[in-house]
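Open the structure in your viewer and keep the selection tool at hand. This tour goes from stop to stop, saying what to select and what is there.

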Amino acid sequence: MRAVIMSRVGDVSVLEEREVDYPRLEAGDVLIKVRGCGLCYRDTLARRGYMRAKIPVIPGHEVSGEIVEVGDNVLGLSRGDLVSSLIYVYDPRSSECREDSENICRGNMWIGEDLDGCYAEYIKLPYWILDKIGDPGETRPEAYSFAACVIGTIIRALKTLGEAKRGEYVLVTGASGGVGIHAVQVAKSLGLKVIAVTRSEEKAKLIKGYGVDEVIVYRDKFSEDVRKYTDGRGPDIVVETVGGPTLDQSLRAVSRGGRVLVIGNVDPKPQQVMLGLIILKEIRVLGVLNSTHRELREAIRLLREGLIKPVYKTIPLDVNYIREAHQILESGGAFGRFIITP
Ligand SMILES: NC(=O)c1ccc[n+]([C@@H]2O[C@H](COP(=O)([O-])OP(=O)(O)OC[C@H]3O[C@@H](n4cnc5c(N)ncnc54)[C@H](OP(=O)(O)O)[C@@H]3O)[C@@H](O)[C@H]2O)c1
Ligand SMILES: [Zn+2]
């Protein structure tokens, strides 16, 4: 089958197109014909050596597709089913691996890093990390590729960990990105008032089309502007999708007793944090590691019911397109997701 592999760590030239063997199923596995494989900023971190991926590896962890073969001992899924996947494989028999926190189990194997991923025509995955996305006649199966990593993660951030309440103010940083533009929409679906920040006037115009209450275009600082829109109090919640470059401003903007939900960090170097801000304002800073089954199912429902408009561009399974998409992600130029549709 055709695949794009990462043969070593480095710049985009380490992504190479190859003919590789079909995956061999083991008990519990299904073979999936990839219909959508989302390109995540995390892929660029893995490519640059920050995620300790096995080498060589087929990258890509945001996958949806059609089951074309079913291995032994598979329960609840059959050929022809359309499915979306969690982005890691957990051990369902481990006593440590609890429901609703399977994302943080020790020993989880990350797809596209520890295991081969979806920059390929086919992928094998164990049945227990998959959920059905609806009818086989679904016209946009590719849109469900990022249900877990993007929408499920935002649900975990806002609902499960952040305990967002209707009417609260939320600030979304990196609002044009794959995570950001969907965070704006999930927040609106929860009845929150959304302030988005972006560095680009052009992207600001596009973001306005997704129901945001205010968009702030900034160069270095945004905390004072954000506070103006919240009667000087600051937002109750920040969804931090950028990390290092914006965290200081987010801590300054957020209200006293507020929550800062850290989903992303585009700069993996160690960062400096003003601990005084966290202490004096009693800010709760919460890390968010992707989603669990419960959140994946909710993400699928939001997509299926049209409550979230998936924002993406499709590209072919072609190394030149994939290299270019990696470069756009790395330069902070993306709007929504790129999805490979092999
Ligand atoms: N916790 C999790 O489970 C999880 C899940 C998915 C992704 N992530 C992480 O979340 C982050 C975002 O991922 P993504 O796939 O949404 O990436 P993306 O599509 O590239 O979006 C990131 C956005 O951040 C802004 N940005 C980028 N570089 C910046 C910089 N140097 N300074 C300020 N703003 C910058 C840009 O928005 P503007 O141009 O609008 O400012 C960009 O569109 C990544 O770190 C990724 O690894 C984490
Ligand atoms: Zn992802």
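Start by selecting Ser223, which has its place in helix α5. The model is a predicted one. Is Ser223 buried or exposed? Ser223 has a relative accessible area of 9%, and the cut-off for buried is under 20%, so Ser223 counts as buried. Now show what Ser223 touches: setting aside residues up to four places away in sequence, these are Gln249, Arg252 and Ala253.

**Helix α6**

Two of those residues lead to the next selection. Gln249 and Ala253 are among the buried residues of α6, together with Thr246, Leu247, Ser250 and Leu251. Which elements do the buried residues of α6 pack against? Colour α5 (223–228) and α7 (275–280), then the strands β10 (169–172), β13 (237–240), β14 and β15 (284–287); the buried residues of α6 pack against each of these.

Next, follow the chain out of α6. Ser255 is in the loop that runs between α6 (244–253) and β14 (259–262). Its relative accessibility is 2%, so Ser255 counts as buried. Apart from neighbours within four places in sequence, Ser255 is in contact with Arg233, Gly234, Pro235, Asp236 and Lys281.

**Two residues with positive phi**

Select Glu282, in the loop between α7 and β15. Most residues other than glycine have a negative phi. The phi of Glu282, however, is positive, near 50°. Glu282 has 65% relative accessibility, and therefore counts as exposed.

Then move to Asn290, which lies in the loop between β15 and α8 (293–304). Here too phi is positive in a residue other than glycine, with a value near 55°. Is Asn290 buried or exposed? Asn290 counts as buried because its relative accessibility is 7%.

**Ligand 1**

Hide the ligand for a moment to see the space: what ligand 1 takes up is the largest pocket.

Bring the ligand back and look at its oxygen atoms. What lies 2.8 Å from an oxygen atom of ligand 1? An N or O atom in the side chain of Lys203 does. At Arg337, a polar side-chain atom is 2.9 Å from an oxygen atom of the ligand. At Asn265, the atom to select is a backbone N or O, which lies 2.9 Å from an oxygen atom of ligand 1. On its own, ligand 1 has 910 Å² of accessible area, and the protein covers 91% of this.

Pro56 is in the loop between α1 and β4 (62–70). Most peptide bonds are trans. The bond from Ile55 to Pro56 is cis instead, with omega near -5°.

**Helix α2**

Go back to the helices of the shell and select Ala147, in α2. Ala147 counts as buried because its relative accessibility is 0%. Residues up to four places away in sequence aside, Ala147 touches Ser84, Gly152, Leu296, Ala299, Ile300 and Leu303. Draw a distance from the C-alpha of Ala147 to that of Glu295: the two residues are 148 apart in sequence and 9.0 Å apart in space.

**Helix α9**

Select Val319, in helix α9 (residues 319–330). With a relative accessible area of 9%, Val319 is buried. Its contacts, leaving aside neighbours within four places in sequence, are Val4, Leu15, Glu16 and Glu17. The C-alpha atoms of Val319 and Ala3 are 8.9 Å from each other, though 316 residues separate them along the chain.

**Last stop: helix α4**

End at Leu206, in helix α4 (residues 201–207). Leu206 counts as partly exposed because its relative accessibility is 47%. Draw one more distance, from Leu206 to Trp128. These residues are 78 apart along the chain, and 38 Å separates their C-alpha atoms.

Conventions. Residues numbered from 1 in each chain as written. Chains lettered and ligands numbered in written order. Predicted model: local features only at pLDDT ≥ 70, side-chain atom pairs only at ≥ 80, totals over all residues. Heavy atoms only, no water. Helix = DSSP H or I, 4+ residues; strand = E, 2+ residues; numbered from the N terminus. Buried < 20%, exposed > 50% of the residue type's maximum accessible area, 1.4 Å probe, protein only. Contact = heavy atoms within 4.5 Å. Polar contact = N/O pair within 3.5 Å; in protein donor to acceptor, adjacent residues only side chain to side chain. Areas by Shrake-Rupley, 256 points an atom, 1.4 Å probe, with all protein chains shown as cover. 1 Å grid on protein atoms, 1.4 Å probe; cavity = no way out; pocket = protein on both sides within 12 Å on 5 of 7 lines; lining within 4 Å. Sits in = over half its atoms within 2 Å of the grid points.
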